[in-house]
Amino acid sequence: MRMKLKWAGTALMLVSMLWSAPGSAQESHVGKLSGNVKRGKALYERYCIFCHGPNGDGRGESAPYLDPKPRDFTKAVFKCRSTPSGSLPLDSDLYDTISRGIHASGMPSWKPLLRQERVDLVAYIKTFSSAFQEEKPAAPVEIPPEPPSTPESIQRGAELFQKMNCWTCHGKDGRGYGPSAATLTDSKGYPIAPFDFTSGSRFKCGETDRDMFRDLVTGLDGTPMPSFGSAMDADQRWDVVHYIRSLNGHKTHAELKIEPVAH
Amino acid sequence: MKQKFALIATSTLVALSASIGILPGWAGPADAPSSVKGSVKFEGTAPKSSRIDMSQDPLCAKAHPTPATTEEFVVGMEGGLANVVVYISDGLTSHNFQPPQQPAVLEQKGCQYKPHVLALEANQKLNIVNSDETTHNIHPNPNNNREWNMTQPHGMALEQTFAREEIAIPVKCNVHPWMKGFIAVFKHPYFAVTDKNGSFELKDLPPGTYTITAWQEKLGSQTQNVTVGAGEAKPLDFTFKQ
């Protein structure tokens, strides 16, 4: 009898394991925390639904009044990722975005929520697109240690800024008024402005040099900002980071001792 | 005599290898492959192509001694409409197709996409080539595939695939806003893009009854039903009006 019970118990466990397997892609894991879809849904309906909408398509009640528009989760295309262009984000990428917020948009920082709650939200957000069940995110991009910023590095960065055609959108002086700037739209067709590097404003996907380096590798999917993952090597990307940093603070090229690059 | 033998042997070999090459995924031994062949015409006055101003990038402008023009309507001799995707949209009985080994090639040349409309199979490799001196970024905006956006300076190798059928994915270069093209992705090998005379041929079809669709980027889609017998070369024409 006891033996039979034991078998029944094992069988039940096996069945429940199989049962939970298809749903596993909808869970979320950040560090040691695991997210729960049900709890995430309750939090979403309390905090996120007004902008991102009941269907997660970014068409909530407040959406018409927002620019840029709230993210459409059904597309599973995200700006801020640690993964290459075209890949799904990691759970930790979505968690970071929820925590940090997106500067110069309607998306605030959700650090007031518990870490566990933010991980629960990640689990629920992933249910809006089947992509998270069909595909796996690629490995995160490598970020090697940063070499020191020198005038030479900044000068090389300035030349790459020309050669890589960054200036056609961001402008020759980095103010965001390049010849193509006015034509840019995001992937939903809404106008989108290139970043003004002289503004001193915070970057959307994080503030550090490492964040900027990562943005250059991954690109910001869903926007015109492409990946420079194969177009430049790591040293060149650091040069561009140093150059872009040098534009911050309204300094002129003369003050920075940069020779203007002829085109 | 020897020469004649060699000739026969070579031609047999060519014929054999061709017949092996042209039966992707279809293994009906008794039935000779059929085809649908015809052209797409434009009736009426086609909108004129407009000049493209490439002056913002001198490296683009210098590739065109006479200014480049838009490619939304390319009407050739006798009203033949180029860049129309013609494909089987319904009626296939087999759905197991392996993508060809040969990659499709999309070239950026003179700051335009060559070809303007490209068709390939799902998971077939797509080689993207930048033949220009300037740096491009290639940015497809799909509905049913993953979106990506890659910078490509001259000389950089770039290979991509699309996993799912989609007709057709708009492609653009954000750096050069006039650069627009389309990539059509199919889960079967029965598709063609019309040439400059509007001609197309769907080759090596298994005999059957099919719905055939012609898609043009500005004019939309048209469909026709055809029944193709074994070994038959069925004529089929489409006419777009505006």
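1. In this predicted model, the axes of helix 7 (residues 151–163) of chain A and helix 10 (residues 234–247) of chain A come within 7 Å and cross at roughly 95°. Because angles of 65 to 115 degrees count as roughly perpendicular, helix 7 of chain A and helix 10 of chain A are therefore described as roughly perpendicular to each other.

2. Where the two helices meet, helix 7 of chain A contributes residues including Ser153(A), Ile154(A), Ala158(A) and Phe161(A), while helix 10 of chain A contributes, among them, Trp238(A), Val240(A), His242(A) and Tyr243(A). Sorted by class, this contact holds seven nonpolar, five polar and two charged residues.

3. The largest nonpolar core has 49 residues, and the members that touch the most others are Val40(B), Val85(B) and Val86(B). Among the elements that give two or more residues to this core are strand 1 (34–43), strand 2 (85–90), strand 5 (117–121) and strand 14 (208–216) of chain B. Beyond its neighbours within four places in sequence, Val85(B) is in contact with residues including Val117(B), Ala119(B), Ile167(B), Phe191(B) and Trp215(B).

4. A second, separate core comprises 20 residues, including Ala158(A), Phe213(A), Phe228(A) and Ile244(A).

5. As for the interface, 19 residues of chain B are in contact with 22 residues of chain A. On the chain B side, strand 7 (136–140) and strand 8 (150–152) are the elements that give two or more residues, and strand 8 of chain B gives the most, with three residues. By class, the residues on this side of chain B divide into seven nonpolar, ten polar and two charged.

Key
Residues numbered from 1 in each chain as written. Chains lettered and ligands numbered in written order. Predicted model: local features only at pLDDT ≥ 70, side-chain atom pairs only at ≥ 80, totals over all residues. Axes fitted to C-alpha atoms, helices over the stretch in contact; angles between N-to-C directions. Helix = DSSP H or I, 4+ residues; strand = E, 2+ residues; numbered from the N terminus. Parallel < 35°, antiparallel > 145°, perpendicular 65-115°, else oblique. Contact = placed C-beta atoms within 7 Å. Nonpolar A, V, L, I, M, F, W, Y, C, P; charged D, E, K, R; others polar. Core = buried A, V, L, I, M, F, W, Y, C linked by C-beta atoms within 7 Å. Buried ≥ 20, exposed ≤ 12 C-beta atoms within 10 Å, placed from the backbone.
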